[in-house]
Amino acid sequence: MAKQTFSTLETFLIFLLLMMTAITVALLSLLFITTGTIENHKDSGLPATQGPTVTAGTSTPMTSTPMTSTPVSSTPAPTLFTNFTGYHIGVGRADCTGQVADINLMGYSKSGQNARGLLTRLFSRAFVLAEPDGSNRMVFVSIDIGMVSQRMRLEVLKRLQSKYGSLYRRDNVILSGTHTHSGPAGFFQYTVFVIASEGFSNRTFEHMVTGIMKSIEVAHTNLKPGKLFINKGNVDGAQINRSPFSYLQNPQSERARYSSNTDKEMTVLKMVDLNGDELGLISWFAIHPVSMNNTNHLINSDNMGYASYLFEQEKNKGYLPGQGPFVAAFASSNLGDVSPNTRGPRCINTGESCDNANSTCPIGGSTTCIAMGPGRDMLDSTQIIGRTMYQVAKELYASASQEVTGPLISAHQWVNMTNVTVSLNSTHTAKTCKPALGYSFAAGTIDGFGSLNFTQGTTVSDPFWDTIRDQILGKPSEEIKECHKPKPVLIHTGELSKPHPWHPDIVDVQIITLGSLAITAIPGEFTTMSGRRFREAVKAEFATYGMQNMTVVISGLCNVYTHYITTYEEYQVQRYEAASTIYGPHTLSAYIQLFRVLAKAIATDTVANLSSGPEPPFFKELIIPLIPNIVDRPPIGKNFGDVLQPPNPKYRVGEVVEVTFVGANPKNSAENRTHQTFLTVEKYESISTTWQIVHNDASWETRFNWHKGLLGRSNATIEWHIPDTAQPGIYRIRYFGHNRKQDFLKPAVILPFESTSSTFEVVTT
């Protein structure tokens, strides 16, 4: 056998990797033996509740008032009336943004993609549905985050039990992430995700959990008799399959049954009260919220969030974004291989297509093969795709006439996914595997490539990377390598347990039915064909036991995150999605089998006989972020909030107003929310001599950019992209922040400040 030799680049990479590993191991060891980080950020001062209401005080005689303010009621839930046909319906929304600086964005796992400000706020949207007598009920929550972590789910369930007793439980509560790749990381407990997040941020975790809880509390309080209507229709021009080569591995006879290699169907659930007044909607559609690519540094909800924004602004006339009674959730579905970057993958250096099995270019390899959206830039693409979904949902909502009626039933089990025996046919069985990630996982996708020179479609291991892995993490067992074939194991996460297990063993499987509608909570990302097979199997199981013509909805990214689920055939060619199918080639078959058990239990009224399964762990000692909390300092002779760059005297619609202030780290505002927004755009009303808030930081027309300097100094630049709908008049921009102060030998304190720009005029011609 020829002796292995390394190039200069490979030698440098080995040295760099070994140095990073040594530093990481030392830090992990130090952090692991110190006190548990569940208690970190004790000075956070997080409020008990959060909401998007703007508080914009002023030192001038004129006052700032929002367009409409909606106080959140804390009164008990209303008495439920039983003499009607339908369901009790409650909707609620709350802010769950977390910190918007000094934290990684969750989704691309790209080192250096840290948050540097805010494009839009993130919201938790909750829907409580109950039968007329209130005995059976459910909660569905769609959250503007990458995915739901197991730790988050367990904490929410604990707090719900503390507040409501046995009313809301593991079987009737679904938490679903929209899968935006532009939300903050740091809310996980398993080591792979903690490493990707560069630590566990209790600040962000608490903010998210508090927001989820608040949205459920609002929905619970607002319960009223109403009706549900369902409708379905196709969304065209919003998606492509990003792994068509994998899709083609599925049997031709199966593919021939479908007109597209993506699921184009959108399902809309419309909610109204008995008077016909509109309450909200849930839309399920398969698309990755990756219109904002991995060069973005502003927290935002991507295309799904923009669709929610448009729908809520349409229904909540006169309200600021994030306010108003109508709640519209655009929830995730089987989006595993579905991209919104509709122009497809092209080599950025030549413009040629790189739609091939390995997603590589002749020059530059996989790092130059990138898919682009339909717009002139990523923000424009986000809005185009979001508007497309919104317009279809609006039409489906308006024409929805099929009423949903029938009992509300929920079924749930915890399952050890590393050891499920799957019946392949009448004579053969197979088993799932301990978790492992394959080589192509490190390659990334055409929506966001990996940082090293891995390629998709890798089915053979590389001695170079195997040696690096073995030296750092130890060798994977023959058992795990054999189980995952043909996946070449890059990281044997199921055999790594320090400082905590690297991947979950225990996962949730869950179905909630509302009459003929079945909502299935999937703890990961089904590919298109995986979702089709799953829906058919669950629907057939219901039919076998007398529940005919069920509509089976896949709700993705629910309850715990387990990466992807491909079909057995797609798994064989090991593109990114297959390499990220962590429980092996029979993962989909295992999920189908497990969910059929739940469907049968619901159909035969034997849910009470289901075992709860092994309860998942809740770890209390987690790695803290390596970015320290430091004191904020203004430049000499300046104060926090001082204007460094004022606005111009006059602007036209379509232009951009920019104002730069002496800033402070915005993560302080996640610790002490004296103000509920980082910015407001305000218009002077001469008749009332008041300033009216027309935009806040949840508006897509505004940007909050934070520029980090040295020694605690920073600037904040606020942008207002003046829309065509802006009314002519006199305007100003206000900035709200918090600075961290610490005197000698005293604990740190968080102090609020605010500032106002000079006025400027907006003209329409």
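Let me start with Cys347 and Cys361, which form a disulfide with their sulfur atoms 2.1 Å apart. By disulfide I mean a pair of cysteine sulfur atoms within 2.5 Å. The torsion about this S-S bond is about -105°, so the disulfide of Cys347 and Cys361 is left-handed. Strands here are DSSP runs of E with at least two residues, helices are runs of H or I with at least four residues, and both are numbered from the N terminus. Cys347 and Cys361 are both buried. Buried stands for under 20% relative accessible area, exposed for over 50%, and partly exposed for what lies in between, using a 1.4 Å probe and protein chains only.

A word on the source. This is a predicted model, in which local features need pLDDT of at least 70 and side-chain atom pairs count only at pLDDT 80 or more, while totals for chains, interfaces and linings use all residues. Residues are numbered from 1 along each chain as its sequence is written, and side-chain values use heavy atoms, with hydrogens and water left out.

How many disulfides does a search of the whole structure find? It finds 3.

Next, Cys354 and Cys369. A disulfide joins them, S to S 2.1 Å. The angle about their S-S bond is 95°, and the link is right-handed. Cys354 lies in the loop between S15 and S16 and Cys369 in strand S16, so this pair ties together parts that are 15 residues apart in sequence. Cys354 counts as buried because its relative accessibility is 0%. Cys369, at 2% relative accessibility, also counts as buried.

Then Cys433 and Cys483. Their sulfur atoms are 2.0 Å apart, and they form a disulfide. With -90° about the S-S bond, this link is left-handed. It connects distant parts of the chain, 50 residues apart: Cys433 is in the loop between strand S20 (429–431) and strand S21 (437–438), and Cys483 is in helix H10, residues 478–484. Is Cys483 buried or partly exposed? Cys483 is partly exposed, since its relative accessible area is 25%, whereas Cys433 is buried at 1%.

On the pairing: if the bonded cysteines of the protein chain are numbered in sequence order, the pattern is 1-3, 2-4, 5-6.

Two further cysteines to note. Cys96 has 0% relative accessibility and therefore counts as buried. Cys558 counts as buried too, at 1%.
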